Amino acid sequence: MGWQEQAGQLWVKIAGRKKIRINFWLDTSREEEASVAAMIYHLKYGGYGSPGRIFTKTIRDGIRLIWDLRQGKTDVLFELFPWIKSELSPRTLEEGTNRLADTPILVEKLERLEQLLSEQFHPSSGNPKALSAPQFADPIDEDDDDLIQLRPVVNANASQNLIKSLMQLQN
Amino acid sequence: MATHIVSIDAGNGGTNAVRAMKSGGYKQIYFPSVRASATGESLGLGKDLELQYDYVDWGSHRYVIGDDVLRVTRRHMERHQGAFRYGDEFHRFLISVAVGKLGIRSGSVDLTLFAPPGMYVQARELLQKRLFEHGATTMIQFKGDKKPRRWTYENVTVWPEGLGAAACFALDEKGEVVANDLLSGETVILDMGVYTLDALKLTDGNFNPEMLEHATWENGGISTHILQPVLRAIKKTSNDFSILTPDDIDLCLRTGLTTGDYTLRLAGYEVDLKPLIDRHSERYAEWIANNIIDGVFNGLRGIRSAILIGGGHPLTERWLRKWYAEKIVDPTPHITGKKIAAVDMNAVGGLRLSLARVTS
């Protein structure tokens with residue numbers, strides 16, 4: 001029977017058996033890890049939309065999913081969440097059946113925005129009219145570099161200044 | 001006027017000392033700032049059969065100094081690093097050994113010393129007080145001397161580290177002002193020593209004395225960032241290496257920088273330290289970039305140039321130049337006289353300042 005410690009947190013017991021058990025720590029003083037602990041509770045015992053008794057399966061699926069995605073693959077993603085595949089289907093986009101765009105509230109907001117933009121440039125009779133003032137061209141940013149001339153400054157007295165400063169230290 | 005003009009940077013890692021020669025130019029020496037007790041006894045077997053080494057008699061004790069400490073004996077090995085050493089017995093010992101190694105046996109000495117900017121005010125007071133509290137005369141006897149050497153400190157000047165180095169390119173070898181544009185505009189001087197890292201900003205050569213206090217990072221030097229980490233790594237490889245000290249790594253590093261051979265040999269083993277040194281040198285450069293250059297000096301925005309000096313220069317320059325490109329300026333083309341290594345710039349700058357003062 002051998003024990004192997006990795007990173008001080010995860011240890012694996014290899015006992016010549018087909019099954020292996022893996023434990024890991026959660027620091028519940030950290031908010032993110034505390035919420036993970038809460039999720040694990042509901043995965044085990046149910047609640048918040050979880051039927052319970054699916055913790056181990058979730059761990060297995062989660063590791064498979066992350067591993068696959070990090071390799072640039074989406075096979076496990078589509079296996080576990082088939083509806084995502086249909087969302088991303090080109091045929092679905094061509095038929096214009098984007099699920100989000102069917103939302104009535106969103107359509108209403110987009111129409112309102114369009115109206116506001118239109119009124120800003122073409123006000124209705126009830127709104128103030130733009131003055132018929134002559135149009136001026138935008139100012140052109142001139143290149144002022146030719147007006148700037150960097151010159152090195154040489155102070156021939158710098159050495160003398162140093163000696164004077166040093167001599168003053170002795171006074 | 002003093003008989004001898006000497007400038008000594010008795011740093012935490014090593015002691016650099018220069019002496020103005022009457023014929024022109026200067027004499028220069030260096031030794032690691034470490035000592036150990038020694039007996040100096042000989043079996044009379046001659047130099048072919050006995051290990052030969054130098055020692056000094058200082059006070060009532062005999063010492064081996066510098067690299068001889070590792071070669072001959074590690075008994076009572078002693079360093080004193082940190083903020084409290086200025087003018088203490090060990091510091092005075094290093095100064096005296098340096099003066100003696102420069103060939104001085106008697107007379108009066110115009111002495112220049114250095115302290116980190118962040119401790120400058122306190123260190124200057126301590127140095128000037130402690131060097132004179134037992135009288136201005138110093139005695140020390142080297143191996144081979146028939147009698148102790150004796151000289152008097154006629155004048156003691158203390159400069160902030162880094163700024164003393166800047167005098168290398170502000171003055172020529174005779175102590176006269178050099179008109180160049182190296183210090184024009186905003187300049188940052190980074191002095192990477194063994195214990196401290198000092199960072200000073202100048203504007204057209206001027207600096208704000210009020211800012212000196214904030215210019216030193218203790219434990220910002222190569223001991224903390226390179227020597228100690230390399231030593232820790234090496235000690236883990238073998239029990240035999242457990243007796244190694246930072247001085248062993250320092251010796252290997254200095255040898256490698258000079259000869260290209262970074263091999264450490266002990267107890268029948270050898271190991272090439274270059275990969276480790278390179279790794280920690282880059283890490284040190286990153287630390288400097290993050291904490292000092294970006295953290296304090298806005299990534300050198302608004303700064304015309306940054307000048308790197310000190311022992312850490314050859315270890316970090318290529319990384320800092322890679323990240324900050326044209327902002328890292330090599331000052332050596334602006335230095336008159338013979339080429340000066342970055343680690344020697346404080347001592348040589350101090351000598352030039354002394355010459356400027358005595359000839360004015």
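Predicted model: local features only at pLDDT ≥ 70, side-chain atom pairs only at ≥ 80, totals over all residues.
Trainee: Which residues lie nearest the centre of the largest pocket?
Mentor: Lining residues have an atom within 4 Å of a point. The largest pocket has 41 of them. Nearest its centre are Y30(B), V194(B), G310(B), G311(B) and V343(B).

Trainee: Which element gives the largest share of that pocket's lining?
Mentor: Elements are DSSP runs numbered from the N terminus: helices (H or I, at least four residues) and strands (E, at least two). Several in chain B give two or more residues to the largest pocket, among them β10 (186-192), β11 (196-203), α5 (222-235) and α8 (313-324). The largest share, 7 residues, comes from α6(B).

Trainee: How many residues of the lining of the largest pocket are charged?
Mentor: Ala, Val, Leu, Ile, Met, Phe, Trp, Tyr, Cys and Pro count as nonpolar, Asp, Glu, Lys and Arg as charged, and the others, Gly among them, as polar. The lining has 16 nonpolar and 15 polar residues, and its charged ones number 10.

Trainee: What about the second largest pocket: which helix gives the largest share of its lining?
Mentor: That pocket has a volume of about 590 Å³. Of its 12 lining residues, those closest to the centre include I22(A), F24(A) and F55(A), and the lining as a whole has 9 nonpolar, 1 polar and 2 charged. In chain A, α1 (31-45) and α2 (55-70) each supply at least two, and the largest share, 5 residues, comes from α2(A).

Trainee: How are α7(B) and α8(B) set relative to each other?
Mentor: Axes are lines fitted to C-alpha atoms, for helices over the stretch in contact, with angles from 0 to 180 degrees between N-to-C directions. The two axes come within 8 Å and cross at roughly 50°. Under 35 degrees is roughly parallel, over 145 roughly antiparallel, 65 to 115 roughly perpendicular and the rest oblique, so α7(B) and α8(B) are oblique.

Trainee: Which residues in α4(B) meet α7(A)?
Mentor: The axes of these helices come within 10 Å and cross at roughly 145°. Contact means heavy atoms within 4.5 Å. From α7(A) come S159(A), L162(A), I163(A) and L166(A), and they meet L163(B), A166(B), A167(B), F169(B) and A170(B).

Trainee: And how many nonpolar residues has the contact of α5(B) with α7(B)?
Mentor: Those two helices pack at about 145°, with axes 9 Å apart. Residues such as I222(B) and H225(B) in α5(B) and L276(B) and W287(B) in α7(B) take part. No charged residues and 3 polar ones are in this contact, and the nonpolar count is 10.

Terms used
Residues numbered from 1 in each chain as written. Chains lettered and ligands numbered in written order. Heavy atoms only, no water. 1 Å grid on protein atoms, 1.4 Å probe; cavity = no way out; pocket = protein on both sides within 12 Å on 5 of 7 lines; lining within 4 Å. Points joined across faces, edges and corners; volume = space filled by probe spheres on them.
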